[in-house]
Amino acid sequence: MSGACDIRKAELEREAPIEAKGVWARFGERVYMCGTLGAAFDAWQRRLAALSGADAYFSQQIGLDAVECEMDRLEAEARASLAPGEKLMPRRSPGYGEMPLSLSREIVDRLEATRRIGVAVTDSCLLVPSKSVTAICEIGGCDGRD
Amino acid sequence: MEGIDFLDGGFGTMVQAAGLPPGKDPTDWNVENPDAVASVHRAYAESGSRIVLANTFGANRLKYHGPYDLKELVASAISIARRGAASAKVALDIGPTGRLLKPAGDLDFDDAYEAFAEMVRFGAEAGADLVFVETMGDTRELKAAVLAAKLNSNLPVYATVALDESGKLLTGASVECVATLLESLGVDAYGFNCGLGPDRMLPFVERLAKVSTRPIVVKPNAGMPKIVEGKTVFTVGPAEFAETVAKLVDAGASIVGGCCGTTPAHIAAVRDALAGYSTSRSFNRLATEVARAEPSTVVSSGTGVVELRPHAGLVIGERINPTGKKLLKEAYLRGDTAYVLREAVKQIDAGAEVLDVNCGVPGIDEAATLERTVETVQSVAACPIQVDTADPVALERALRRVNGKPLVNSVNGKRESMDAVFPIVKKYGGAIVGLCLDESGIPATADGRIAIARRILDEGAKYGFEKSDFVFDALTLAVSADPQAAVVTLETVRRLTEELGVNTVLGVSNVSFGLPNRPVLNNAMYALAKRNGLSSAIANPSLIRDVIDPAAEDVLLARDRNCEQWIALNAAAQPAAPAASANGAEGGAQALGAAIRRGLREDAAAAAKAMLAGGAGAMDVIEKGIVPALELVGDAFEKGTAFLPQLLMAADAAGDAFAVVRKEGMKAADGASRVSGRRPIVIATVKGDIHDIGKNIVRALLENYGFDVIDLGRDVAPEAIVERAKACGAGMVGLSALMTTTVGAMAETIRQLKAAGVDAKTFVGGAVVTQDYADSIGADFYAKDAMQSVRIAERVLGA
């Protein structure tokens, strides 16, 4: 049975319309980032969910992995841009820990993410398209290795 | 230089250079620093701009959150532009709201429309010369803005969209898709701004020139933007910019300016570079290319276009039409979106290129249902829609909501029909299906039908519709009632194609009414009609094929008198009833159970079919095959020996087996759950929450365990949930919420359900919902996962 799951998930991974986009920028001692899989992924997921609960589940996993991958890419770009002695602290997203969900709006606005990659924030502070992530990394001083 | 219009260039970068602080909304400067704003307009006018865009880009109520009154801001912006650029026309500039419209986001179309309409009224009152909609990244929002401009002023409307490097909008619309929409809405000029530098815009201008009949507008950036230290930087200088813009004019653009990073120096350079250009040259070429194009009818969705042309026979899916479909009728009456979604997806998977949407059920609020169904279908369908209604009110509401240019089904030769339908389609855009009938009914001859088509074309021309805006239905009647019926229809299709030069459509299946083996006759009719020029057929995409059976051809061409041979041949070919076999049923149940446990959907459906064919009853299939298998997998999940994906795959397989039982074993009834007498379960994602994957998984699992689920969708208001739960006599109401910001709506829904005295148990779930929270808001149950939802439902409604 788990074999059937693996096969189906692999099929969906090949079919998934993943066109990840992201933007990041440094504002003082912080790096803001926003990544998304765009509207096409949401539409594909809605289509799958209409016919299959399992496909809805697998597509969710695929989407979460892919958008995290895009965030990793943005983080790597930001890290590569740091001056000697600077260090990128762990990535944190609004809604987790003490970072309020409402911070997403500031990140999206400052990065102009709506115009540039099509990410918007709803009245209830959710990101749309649904497979979108905002995050902040603080920039720290020398970690002793640089 | 007659014919080329020069726009202005970047505004934000100019006011920032003039001292606008970072993060400050430039709109406020219409009140706080009008001289600085006027200076920017003046600089552009002195550089050659003949149209300047007033400082109103973000002056809509959804985007503007500053201290000033919007009417005052817009009036001030128009007046400042007039003062700064006295020699230029002043455009009311409309930018995006910064929100995403449903279904991608949470903004309702009407809210977007109202925000733009208000701006347009303010701008028109303040004396703007035209409306310039720009930087749009979503065809829905583009349509809302253009409609607002057209329906709230008499000003010319220009519209430009922001493409990405692949030549698409952020929501996936292609160049041709944008063109089809804007042509159908009747804008005066359109094209591209922002997003790209002029060099990267070139291939997309070339594509646009092939399909556009209007002047093409370009406002590229000064190259591609880069963010350095939080600031956006553009690197293309005036000379290089002007050189490339000249290539855009060569490609067909005739209204040119600049966007981000461009300055008066860029515009002056463009003006100088184009000094030797004869604009009539580019216009003439454009006109020639359009004239050369083969007449075709193009319709569009939010992401793509479909072209109807003679002999193509493309399939318009007919399954979202309640005529003869009891389950769809019920889904409409109950507000259940899941059924419609499934039908839409199945038809697209089967090859439908357009989906017909019809909600004509007696006693239903057709306008509200059609509007809702169009939006539901669009949320999963990348193909265009055919809005199918005889009610002008329903037609208007649906057309307003269509993302793209739809087919409109239909107008006919009756005066009343033409007077009602043409003005609505003119307003909202669309290609029109013209039925060849009038006050006297359906003519018996092709001559009569062609005459009606001509009359519809003539009347349509008075509204500005051209031949390519029509698709004519020659009408199919039953050959069992009139042996010449198909002959006349085929002749009409041929003459519509050849004599009138129009595209055609047929609902082919009427032809076989009253005869055996209808699919074979339908296929033959479709194939023969294609050979006579048929552009499109309204049919079931899973069944229709381009195949001509010789005996069927004899029937259709009136060579089989009274269809005698056909009836004789096909009556004998009817399958005999299967003989009952008790042993077969036992073996079948084992095979079915194994297929379900392994999550093999096709095998499960085949096993259920085999059981029924072997003489097993519907309840045998359910009780001996489906239920025990689901129980095994469910138990394994709860013990931790199976996991959610396995459970869901097993449930999908069970769902397919249930579907077979419903279709083939219970034709008198319409669902296993109602046979067992259980009350329905209403589920929804609460108001403000648009993340619905969890809810969809719960729905799938409940359905596949045989419960009757009414899925109201996502972002559903408490009032709507109360109303539907009451109306359908729900036994349970399930609510899902993902985030802390939306669980409040869950509490409010439960409060309203109780206040309204709805006799249903509530269960709640979602990422941030806990047992404590469920208790605190008075929910009857907390479901920590989808399987627990099933267990709760079994406890409340019976297993």
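How do strand E3 (residues 89–94) and strand E4 (residues 130–136) of chain B pair, and over how many bridges? Select both: they pair in the parallel sense over four bridges. (Two strands pair if DSSP finds at least two bridges between them; helices, H or I of at least four residues, and strands, E of at least two, are DSSP runs numbered from the N terminus.)

Before moving on, note that this is a predicted model, where local features need pLDDT of at least 70, side-chain atom pairs count only at pLDDT 80 or more, and totals for chains, interfaces and linings use all residues. Residues are numbered from 1 along each chain as its sequence is written, while chains are lettered from A and ligands numbered from 1 in the order in which they are written.

Now click B:Leu92; its bridge partner in E4(B) is B:Val131.

(Axes are lines fitted to C-alpha atoms, for helices over the stretch in contact, and angles run from 0 to 180 degrees between N-to-C directions; contact means C-beta atoms, placed from the backbone, within 7 Å.)

Show the whole sheet: eight strands of chain B, open, in the order E1-E10-E7-E6-E5-E4-E3-E2, with parallel pairing. Strands E1 (5–6) and E2 (51–53) of chain B stand at the edges with a single partner strand each, so one side of each has no neighbour in the sheet.

Last stop, the other chain: 45 residues of chain B are in contact with 40 residues of chain A. H25(B) gives the most to chain B's side, seven residues.

Terms used
Two residues are in contact if their C-beta atoms, placed from the backbone, lie within 7 Å.
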